[in-house]
Structure formats: C-alpha cells, structure tokens
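Have the sequence and the 3D view ready.

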Amino acid sequence: MTASNPGEVLLLTPEDVARLFDLHAIVSAVEEAFREKGLGRVQMPPKQYLFFEGGGDWRIMPAYIPSMRLAGVKTVGVNPQNPKRGLATVIALIELVDPDTGHPLAVMDGTLITAWRTGAAGAIAAKYMARSGSTVMGVIGAGVQGRMQVYFTVETVRTITRVKIFDVRREAAKSLAVFVEKELGIDASIVDEPLAAVKGVDILATCTPARSPIVRGDWIEEGLHINAIGADAPGKEELDPAILQKARIVVDDFVQASHSGEINVPLEEGYISERDIYAELGEVVAGLKPGRVDDREITIFDSTGLAIQDVAAARVVYEAALRTGLGTRMKLVMA
C-alpha cells in the first residue's frame, strides 16, 4: 500500500465504511492475520489502556504485518454508559500507514470495523473449535457484538438452524431475534434466564460487560464451544472459573488475555495457571496445534480483540474505497 499523492490522506466516514463492507473478504483477511501471528510474523505490542474517572477507558492498539504490507493503529474509547448519552459503547478510529515510508494512507471510523473483526474472530474460532455438526447457537448479551457473533458464524462457517437469546434488556433480545429470523432466515427464541441460553446449544457466545460470572460450571454440557467475547479489560469475567478448569482454552493473544481477557481473573486468583492455556488462535489457524480433538470436549475461545484484526479488516475497506473512489482525500500531513 502506498500513498498516491504526497501529504494526502483518504478519509472514510462511518457511512463510507458501511458501504464498503465485504463479509467474506473481512473474514479471510482476519484469518490470514491470525495465521501470520501464529507463525510469529507480526509486530503487535499489547494494547495500552488509559482509565478515565468517569468509568470508561481509551485503548491504543498498533500492529504491523510484513507479509501483508500492512501497518496501522486503532485508538478506541469504551464506555458502557455511552448508550444513555446516545453514543456507541465502543468508539474507534483507525489509521493505516505505508510501512515503507510511515506516511498515513487512510483515517477511518473504526467502530463498525471493531464490531466486524470481532465477529470474524468468533466465526474463525467456531470454524476450528466447534463441532462440525453444530446447529444450535446460544447468545448471552444481545447488543452489537451478540448480533455480530451470530451473523458472522451463520453466514460463513456453520449451518446454524436455531439461536437462543438471553439479555437482561428484553428489547435488545427482541431486536436480535427479529434480525435472526428476518435477515438470516433461521429460528430464534428469547429465553428468560442465562441457563436456558446455555443448555442444548453447540456454540455459546457471551457478549456482556460482566465483572462476575454469569455462566455457571454445572450448566456446561459435553461438546460445547464457547466464544467468550465480553471480557476485554482487567477485572471483567463472564464464565465460572470451573468451566475453564475443565476446558481446552484458546486465546487470541496470551499476554493481552492474561491481563484483560476471560482468563485474567482466574489466573490472578489461582483457579488456572499459564500451563492451562492450550494455544493462541493463530497457532490453531496456522496448523501448529489442532483445534477440537473430539466431540465431547469443552472448548473456549478467549477473545480480547487484536490490532492485527483491526488493520486487516481496515485494509479490506481501504482497498474497496480505492476501487470505488469512495471517501475524501485531504492534505493532512507535510510531505
């Protein structure tokens, strides 16, 4: 990727980004990024956090993937109180950079891309770790990411015929059920408690900001695959540590997950140790370690969200913008 004119940067608005969405290209790019990470061929420092007095935080996430000629950084603000203010919980901005020169190529809204690349990661994990005959999916937390987990999994890797949905916000659960039935054409049922979203499912996605377990160990049945999506900051925790003690655990990045993923609290409190972490997803994608070994085991993917996912998905959007002429070019930096 190279800048077309010295000093010019391509600006892409949320509307531009939405128009440039390509489901399969994004999943493919994110999977390639994981593969490169598994092979040890990326630079990606752990995400850095600033914690604000109001309860939110701001994260800085750089990445460089040499084989993809791809570099960039995402800055992202996260505040669970934002919907009350009429704002998204996650607000992100992505900058792509020419790795040959350091010249910025594009600056784009990253909020949608964050949702897409996380949905892609869950689908990729389900591809390698869920049972091949999985047909029933459970979702706890029916917000944006609950929707993305269902959409990406259904449309790309598994033939799901039914989705069971729980959310403490009944309207959110209803909205997701309507989307599943009308847009995806499969059966959806709203359940009244988390237990009902866990029992009888093949794939479970947990997508909440919980800071104490909402899924109990004695609910878990043989063969379940869990995409643990919600825990993405220190102290967050959705799963009973007893589940992790009996599961094959795959993380997106060990360092990042150990301080901000689903494993962060169980590690700190001694329920599990580093030896209990089976692999990073990139190792599985690269074929260095198998994903699921048999249909009876319980598997967990701990997703914290990686900068390599962001820049890989952002490149798909950027290249589509170049092909279509979408976006606005502005001279923002000195050549």
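Helices here are DSSP runs of H or I with at least four residues, strands are runs of E with at least two, and the numbering starts from the N terminus. Keep in mind that this is a predicted model, where local features need pLDDT of at least 70 and side-chain atom pairs count only at pLDDT 80 or more, while totals for chains, interfaces and linings use all residues. Residues are numbered from 1 along each chain as its sequence is written, and side-chain values use heavy atoms, with hydrogens and water left out.

What covers them? Just past the end of α5, Gly-185 has a positive phi of about 70°.

Next, look at strand β1 (residues 8-12). It pairs with strand β17 (residues 328-331) in the antiparallel sense, over four bridges; pairing takes at least two DSSP bridges between two strands. Leu-10 has Arg-329 of β17 as its bridge partner. β1 also runs parallel to strand β6 (residues 104-109), joined by three bridges, and there Leu-12 stands opposite Met-108.

What about charges? Side chains of opposite charge can pair when their charged atoms come close. A salt bridge here is a side-chain nitrogen of Lys or Arg within 4 Å of a carboxyl oxygen of Asp or Glu, and the count comes to 20 salt bridges. In one of them, Lys-37 meets Asp-253, with the closest N and O atoms 2.8 Å apart. This pair links distant parts of the chain, 216 residues apart: Lys-37 is in helix α2 (residues 23-38), and Asp-253 is in the loop between β14 (248-251) and α8 (254-260). Both Lys-37 and Asp-253 are buried.

Another salt bridge joins Glu-36 and Arg-41 (2.8 Å, N to O). Glu-36 is buried, with a relative accessible area of 6%, whereas Arg-41 is partly exposed at 44%.

Terms used:
Buried < 20%, exposed > 50% of the residue type's maximum accessible area, 1.4 Å probe, protein only.
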